[in-house]
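Here is a short briefing to read alongside the model.

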Amino acid sequence: MTQFRDFLDDKAYDFPEHQRPAVAGSPATPSHDPATRLAHILVAVLVGTTAGLGSALVSVNPTQMQQVLGLNVEQAAWLTSSHVMTAVSANLLLIKIRQQYGLRRFALTSLSLYAALALAHLLVSDHGTALLLRAASGFVSVALIPLCLFHMMQAFPERWRLRGLVLGIGVTQCAIPLARLLSPSLLASQGWRSLFLLEAGLALLSLAAVGLLRLPPAERARVFRPLDLLTFVLMGGGLALVAAMLGLGRWEGWLQPPWIIVSLIVAIAALLTAGAIETRRTTPLLNLRWLGRGEVARFAVAVFLARIVLAEQDVAMAAVRSLGGTTGALFTLSAVMLTAAAAGVFASALSMNVEKLARPMMLAIGVVAIAAFGESTSANPHDLWRFYVSQAGIAFAGTFFVGPALLLGITNALQYGSRELISFIVLFGVVNALGALAGPALLGSYMDGRVAAGAAPLTAQSDTLRLVAALAALTTAYLAVILALRIRRKMAELRIQRSANTVDQPAAAGGLHGASSDGGWQPPRPGRGITTALAAMAIGGALLVLAAWRLP
């Protein structure tokens, strides 16, 4: 039992000030030897892939899930929506759980639950149980994303640590193209069961890897307050209802079903009540006053619009099928998109400049506008080659965008304090989740409306692509306005401080940057019994991954 307790807990360690994190619940940042850095990179890629692939495999295969479980279109849409309904507000609670109960326990518990839920999916035979499991998986999967970021950042020295953050968030964004690439072979093996065999196998491998490779200890703090649970229920419930409306609105007629109208009223009331409570608290769960500042609100709008625009890929895939794209062509297109997405992650990390974060965001969405307009002019099978070029550009832009967007918010938040950083992380998760639902819903509704008005499916898809191009152009212009406002504010600061050296650089990110000097911390080695158990778990995970393709 002592060995097991040591495995679950982190012993406190007095790190130098420059290696301590900005907020409780995040690991310290000592230096590591090259082998350990490589190990952290591999664990980050594994955990990040696990975090995103589970939901992606379901969202890109709605027809298959519909056929297997005998569902109609609306019931199949609930599978994706239920996952987002819990994920959208999970950070409200998970961040404080990590801070109060410790990063190590948080990581191992989250991965254990995620693996158990993935295995439970294999026993599903009815829609209700599937919804409950998807909802639980959505909540737990959010916990895996910071683990990916923490491990990736440990792999880099002080001057490159923010680049590690960009790489970490980029790994999670490659899940959709990876799911599109893997799905045909998985479904041909054992159908929908292969999807969850792969998810469970990756979860067990991640659990074993995180168990063996410890993150440096994180500081703990008593952060829960009596009203936190009430705020979470109100705000989380309101956001969940909004997610349900966005996920089902296209299929059920938006404001036509009574349940959507009732949900809208309840969501508004719950969110307003939560806002009233939070603005009057001295230690709120979310700092809504800071989130309502002009620069933060403008940032949230920009990210939301970008997520809508990036939903263009679903429309483009439908257009490829309408033009006669074969299974082989779709596989090749998915491979091109995955390669371009990975290239976007690396390009974003290499070109990162904390002084010019709005510019790559603007460039990325501008690429989407040009690519979507080019696709809208494709009218026959001979034009299929255009989609390889345009979708490569959009996949590149999607991952190239997200890193600077995250850093832009983090660097701004850290100027005000740790509470604002937590508020931003919650905001970023909410905006991304709702934007990812709103994009397909709104574009799909427009496309359905064009078909209902008498347009041919290919014509409706081309019209939708032109709409995306217009929205992307407007979003690019909006980002240009944000850039102009940031330049004006920065020039005002320079005039006041009379020194160009006072521009906010990584000094604002005390918790994100460590120092290159070694603080002396070494991860404790697990005992023989724990090591054996983790090795068995890794072998079991590898066998499940192989079983997904029925390999020996």
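Contact here means heavy atoms within 4.5 Å. With that in hand, leucine 117 touches Leu133, Ala136, Ser137 and Val140, leaving aside residues up to four places away in sequence. This is a predicted model, where local features need pLDDT of at least 70 and side-chain atom pairs count only at pLDDT 80 or more, while totals for chains, interfaces and linings use all residues. Residues are numbered from 1 along each chain as its sequence is written, and side-chain values use heavy atoms, with hydrogens and water left out.

Helices (H or I, at least four residues) and strands (E, at least two) are DSSP runs, numbered from the N terminus. Buried means under 20% relative accessible area, exposed over 50%, and partly exposed in between (1.4 Å probe, protein chains only).

- Two packed helices are described by the angle between their axes and the distance between the axes.
- Axes are lines fitted to C-alpha atoms, for helices over the stretch in contact, and angles run from 0 to 180 degrees between N-to-C directions.
- The axes of H15 (residues 327–350) and H17 (residues 384–413) cross at roughly 35 degrees and come within 7 Å.
- The crossing of H15 past H17 is right-handed; a crossing is right-handed if the near helix is turned clockwise from the far one by less than a right angle, and left-handed if anticlockwise.
- On the H15 side, the residues that meet H17 include Leu333, Val336, Met337 and Val345. Their counterparts in H17 include Phe387, Tyr388, Phe396 and Phe400.
- The residues of this contact between H15 and H17 divide into 16 nonpolar, six polar and no charged. Ala, Val, Leu, Ile, Met, Phe, Trp, Tyr, Cys and Pro count as nonpolar, Asp, Glu, Lys and Arg as charged, and the others, Gly among them, as polar.

**Helix spans and cover**

- The expected span of a helix is 1.5 Å times one less than its number of residues.
- H17 has 30 residues and should span 44 Å, which agrees with its end C-alpha atoms being 44 Å apart.
- H17 is mostly covered, with 25 of its 30 residues buried.
- Arginine 386 is placed in H17 and is partly exposed, because its relative accessibility is 26%. Arginine 386 touches Gly374, Thr377 and Ser378, not counting residues up to four places away in sequence.
- For H13 (residues 294–310), the 17 residues should span 24 Å, and the end C-alpha atoms are 24 Å apart, which agrees.
- Buried residues of H13 include Glu295, Phe299, Arg307 and Leu310.

**Residues inside helices**

- Leucine 117 is found in H5 (residues 103–121), and it counts as buried because its relative accessible area is 15%.
- Serine 89 belongs to H4 (residues 73–101) and is buried, with a relative accessible area of 4%. Serine 89 touches Phe232, Gly236 and Leu239, again not counting residues up to four places away in sequence.
- Alanine 56 sits in H2 (residues 34–59) and is buried at 2% relative accessibility. Alanine 56 touches Ala175, Ile176 and Ala179, not counting residues up to four places away in sequence.
- Alanine 56 and leucine 195 are 139 residues apart in sequence and 10.0 Å apart in space, C-alpha to C-alpha.

**Residues in loops**

- What is the phi of tryptophan 254? Phi is near 50 degrees, a positive value in a residue other than glycine.
- Most residues other than glycine have a negative phi.
- Tryptophan 254 is in the loop between H10 (228–252) and H11 (258–279), and it counts as partly exposed at 28% relative accessibility.
- Proline 526 lies in the loop between H19 (457–497) and H20 (528–548), and is partly exposed, with a relative accessible area of 27%.
- Proline 526 and aspartate 6 are 520 residues apart in sequence and 8.2 Å apart in space, C-alpha to C-alpha.

**Cysteines**

- A disulfide is counted as a pair of cysteine sulfur atoms within 2.5 Å, and by this rule there are zero disulfides.
- Cysteine 148 is buried at 0% relative accessibility, and cysteine 174 is buried at 12%.
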